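The sequence and coordinates come first.

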Amino acid sequence: MHRIGIWIGVFLTFAIFSFLYKDNPFYKIAEQVFIGISAGYWFIYTIYNILIPNLFVPVTTDLAHNFLLLIPAFLGILMLCRLIPSIDWVSRYALAVVVGTTAGLFFKRYLQSDVLNQLTATMLNPFASSNAAQIIGELILIIGTITGIVYFFFSKKHEGAFGTTARVGIYFLMVSFGAAFGYTVMARISLLIGRLNFLLGDWLGIIKP
Amino acid sequence: MKIFERFLHIDRRIIFVLIAIGVALPLIYPLGFNLEVTENVESVYNLMEELEPGTRILISFDYGPSTKPEIQPMAIALMQQAFTNRIRIIAIALWPMGVQMCNEAFEKVSAEYPNIEYGIDFINLGYKVGGMVTINHMAKDFRSTFPTDAGGNPIDEFPIMKGIKNFDKLGCVISLSAGDPGLKQWIMIAHDTFGKPVVGGTTAVQAPIMLSYVNDQQQLVGLLGGLKGAAEYELLVNKPGFATKGMDAQSVAHLIIIIFILIGNIGYFATMKKDTMKA
Amino acid sequence: MKKYFLYFFLAGFFLLHAPLFAQDITFTAADNPNDDGGAILLEWIAPASIPEMIITRSIDKKEYIEIARVTPLLQTYIDDENIEDGQEYYYKLAVLNEDGDIVQSFTASAIAKAQWFNTDKIPLLIMTLLLGSAILYFIVSARKGKRLYIRKISGLDTIEEAVGRATEMGKPLLFVPGIMDLDDMQTIAGLNILGHLAEKVAQYDSTIHVPVCRSMVLSTAKEIVKEAYLRAGRPDAFKPDSVFYLTDDQFGYVAGVDGIIMREKPAANFYMGAFYAESLILAETGFESGAIQIAGTAMPSQIPFFVAACDYTLIGEELFAASAYLSNEPTQLGSLKGQDVGKAIIIITLLVGIVLEIFGIHFLKDFLATH
Amino acid sequence: MRRQIPMLITFFVGALIIISEFIPHKPFGTLSTSLEGWFLIISGFAIILGQLSLFKVNIIKISRKAPNWSYYIIALVSFSIMVICGILWGTQKQPGLIPISDKILNFFGYKPFDYIFKYLFENLSATMFSLLAFFMASASYRAFRARSPESTLLLVAAVLVMLGRTTIGSSLTGWIPDSLGFLHLPNIASFIMKYPNTAGQRAILICAGLGVIGSSLRIILGIERSYLGGK
């Protein structure tokens, strides 16, 4: 069945690649198979890896110690009520817990990691190094970070010295977008390499997979 | 100057074919360019090398088959290094597909290391939903987040899990990540809240953003970015694999794209000049 | 004779090594700080040459049980196995030689307790209070009717120009609100911009297409466009079909939108919301069709494609700023103003920190960096 | 009742999580830990909800004979097969309801669920994303023009990184003497990534971080309610 599996894989690969020519029934079929399998996979793994070990087993084997777990179980069932339009509003109670937890955690973690720690990471003494490239680099890092933040300053008109600073900021943003673009090209090509490795190796056997 | 206008309107299908050939040929006939190891990849390697034998580390498989070509080679190389140094691996997944990715990598690597035993040197604890919130929860109460391994067996049965109640007894945390939830969340919780060293392997798309965390605050100790990062790591652990093989194809494809960008821009400037002259 | 030789050797070993170890080893136990009890922090400093050490624990100083085997390099161990707050625990650190024999041991004791305040988090608390109060203050004052200035976002000026051009050419406009649902703030911001755009469309008597890929977005977007026509005084001109659902699938949706761009050749395309890999396909098709393109997204990995292929791009936070600017909603404006205060605080702190660092004063950096 | 109580819940939960950061003492620390455990279970139900509503939406589309409705049957069928295989025989590590017979196992080489994953899903998913390599190439050619100083900077940075981050970059400038090492393409790419790129990304991170803080605060205080849906 391994060989048959490979052939199925090859058929599906070409069905999707046919989209490059134009949208067609083969592509649509492959796409729907993908959606269906993906949903089924999530469904099964959620049950086996989360609902059974973290809820069902503790509650059924040792209810006395785990009776508090009935609360999230109840909220979870409220969540499922979203499927029934007439009582879908009850799912808001569950959603409120989820959104509240996320909002609380995001508040403190983004503040710590993306604001405070990034701030201290930029507090550098650029002249501490003896390497010219590093001195220049760290000066660029400091200037770029500050001017970049100035660009995202909305309560002041971008004119005069302030406008120039923001202008410098946008140049730094552009360089990082360029770098990100280069990296994205790299990522997508890698995926294609993976595919051709499958076709040339696993299927045709021209190269060692 | 008709040729410049031609430059602007090359049928995209020609580009598609050229890219396909440009990737396929170097796979069949390797060119053998040499590879240089970069700083961030070396930091990951050094951190792993400094761990004492027997140390337990956590690897989170936060990706799926869609980005397997980029990240799976990293998973394999990291596992090889860990098992060579007798580092023990606790594997989890924040993406459901990560469980299978982990199984596949372990099956491949464990064939080379016959002494490695499931439950002692390695364990796969399976998938948990919830991203950042769940990481925060396991950092405080690991055993209630993961009462069982991926097969549903209680973790108390496995020696590798002895004494693991939070992140305290872990040597470091590694997130192999293709997006959200993934490395960013691990940095925020495992390092910035609980002080564990975090390293990451990400897709190249993620890498430029994650580089901000590689700083003197050590939010991220090191980073493997995309297939290139994986290839460098294969070089460091001296086990060339898929990533090393793909590097030539990667180079040629980049070159083709750069040439097309140049053609497009030459065409653009040549025709623009003509337009302004006419005007 | 052999036996005596061994004794002699062992004695020599002790004489040589024991005092050396004793000088170099310190062992302390203390309550693990900043937690809710149940853990004791053990720390030691010992020469790296020691192969192994054993930590044992006792509650009565008589019966000791092993809790861990450690090496000098580890330096710390947190004991959190069945620790009760308020009970005194006695620890022994036993140093082993190469043969696994105990050479020497050190003792320490501690009581675990829970803390009321986590002292590691003082900088975080200060920042929380500063930012929280700044944001709240401006939201409240905006709600009370205070006018808050928000700079004009350059891409937005082109909205009117684009609508005008579309009317002249007799071509429609296209608005894509991203591929995420209403729970994403970017989608909401995008829809706010749609409201403004639709109003201009109604005034100029032009047409607009809004393909969406989520059913919740469909109903909200319809509502918003309808209201915009009402505001423009042209409720009769609103065509409910102008906002329509294509499909939930990412690539299916892109194929659909691409089809619209190729068939209808809109005069201007707007992409405002949360985008993933499809951003590039949309931007490229739009670029080829020759339309004016205006994009806005906060997805960091997608901004580059929009910047390269569109005439104007609202980058990251600019999308939310544009939404606040156009909707003129006090909470959004106030929040934005509060965040600006945050940015100002950060720039000032950063500058002060850098100057201090240059002069070799590390106080500020060390204070803010918790680890 | 339908809106006020959820808003109150959000407020209490969000505030508790923030407070527990500063006050580890009981009950704050333990309560927030339990809440995070609950979150895991509720989110599990949310995933189930997502898959079931996909099922429901597809059934509605089919029964209403929406355009292309016949394709949605395929999605339904593949979903059902996957779920049935998973429940009956389980997955690689997980036993299912009935023990798998050696006959099936030997025939497929894997359990049916894993077989479908390995040969169908992995190939579909990987190909779906590799399509982007082609679109990326044609988009780079057709849309990336040095139209302004900004887009020129973007292009130059992109090209340098693309060259420097591959083996070809090190081969192209490998002959450069060490004294001019900074001109070596991989070094240029590393410099760009380490300094100007990080500067730009950091500015975005800090400002987006402040944005998240603002919206979290608005959600906790009940000022921002769009997540509750409707008007």
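Contact here means heavy atoms within 4.5 Å. This is a predicted model, in which local features need pLDDT of at least 70 and side-chain atom pairs count only at pLDDT 80 or more, while totals for chains, interfaces and linings use all residues. Residues are numbered from 1 along each chain as its sequence is written, chains are lettered from A and ligands numbered from 1 in the order in which they are written, and side-chain values use heavy atoms, with hydrogens and water left out.

By that criterion, 52 residues of chain D and 63 residues of chain B take part in the contact between these chains. Buried area is the accessible area (1.4 Å probe) that two parts lose on being put together, summed over both. For chain D and chain B it comes to about 5,100 Å², with carbon and sulfur atoms giving 63%. On the chain D side, Lys93(D), Tyr141(D) and Thr167(D) lose the most area to chain B, together 15% of what that side buries. A salt bridge is a side-chain nitrogen of Lys or Arg within 4 Å of a carboxyl oxygen of Asp or Glu. The interface of chain D and chain B has 3 salt bridges under this rule. Lys140(B) and Glu36(D) form a salt bridge through their side chains, at 3.5 Å from N to O.

Chain D also meets chain A. Here 108 residues from chain D and 115 residues from chain A are in contact. The two chains bury about 10,600 Å² between them, 80% of it on carbon and sulfur atoms. The rule finds 3 salt bridges across this interface. Glu150(D) pairs with Arg167(A) in a salt bridge whose closest N and O atoms are 2.6 Å apart.

Within chain B, the domain assignment (automatic or from a database) gives domain 1 (2-25 + 249-278) and domain 2 (39-246). Their C-alpha centres lie 41 Å apart. Chain C is likewise divided, into domain 1 (22-111) and domain 2 (159-310), and 65 Å separate the centres of these two domains, taken over C-alpha atoms.

Helices (H or I, at least four residues) and strands (E, at least two) are DSSP runs, numbered from the N terminus, and two strands pair if DSSP finds at least two bridges between them. Buried means under 20% relative accessible area, exposed over 50%, and partly exposed in between (1.4 Å probe, protein chains only). Strand β4 (residues 170-177) of chain B is mostly covered, with 8 of its 8 residues buried. Strand β1 (residues 56-62) of chain B runs parallel to β4(B) and is joined to it by 6 bridges; Asp62(B) stands opposite Ser177(B). β4(B) also pairs in the parallel sense with strand β5 (residues 198-202) of chain B, over 5 bridges, and here Ser177(B) stands opposite Thr202(B). From β4(B) the chain crosses through helix α8 (residues 183-191) of chain B to β5(B) in a right-handed β-α-β crossover. Right-handed means that, with the strands pointing away from the viewer, the path from the first strand over the helix to the second runs clockwise.

Ser177(B) is also touched by Gln206(B), which contacts Ala178(B) and Gly179(B) as well, not counting residues up to four places away in sequence. Gln206(B) lies in the loop between β5 and α9 (207-210) of chain B. Its relative accessibility is 16%, so Gln206(B) counts as buried.

Strand β3 (residues 122-127) of chain B is largely enclosed by the rest of the structure, because 6 of its 6 residues are buried. Strand β2 (residues 88-93) of chain B is joined to β3(B) by 4 bridges, and the two run parallel. Ile90(B) has Ile123(B) in β3(B) as its bridge partner. With helix α5 (residues 96-110) of chain B, β2(B) and β3(B) make a right-handed β-α-β unit.

Over all chains, the search finds 27 salt bridges. Lys68(B) and Glu104(B) form one of them, with the closest N and O atoms 2.8 Å apart. This pair links helix α4 (residues 68-84) of chain B to helix α5 of chain B, 36 residues apart. Lys68(B) and Glu104(B) are buried.
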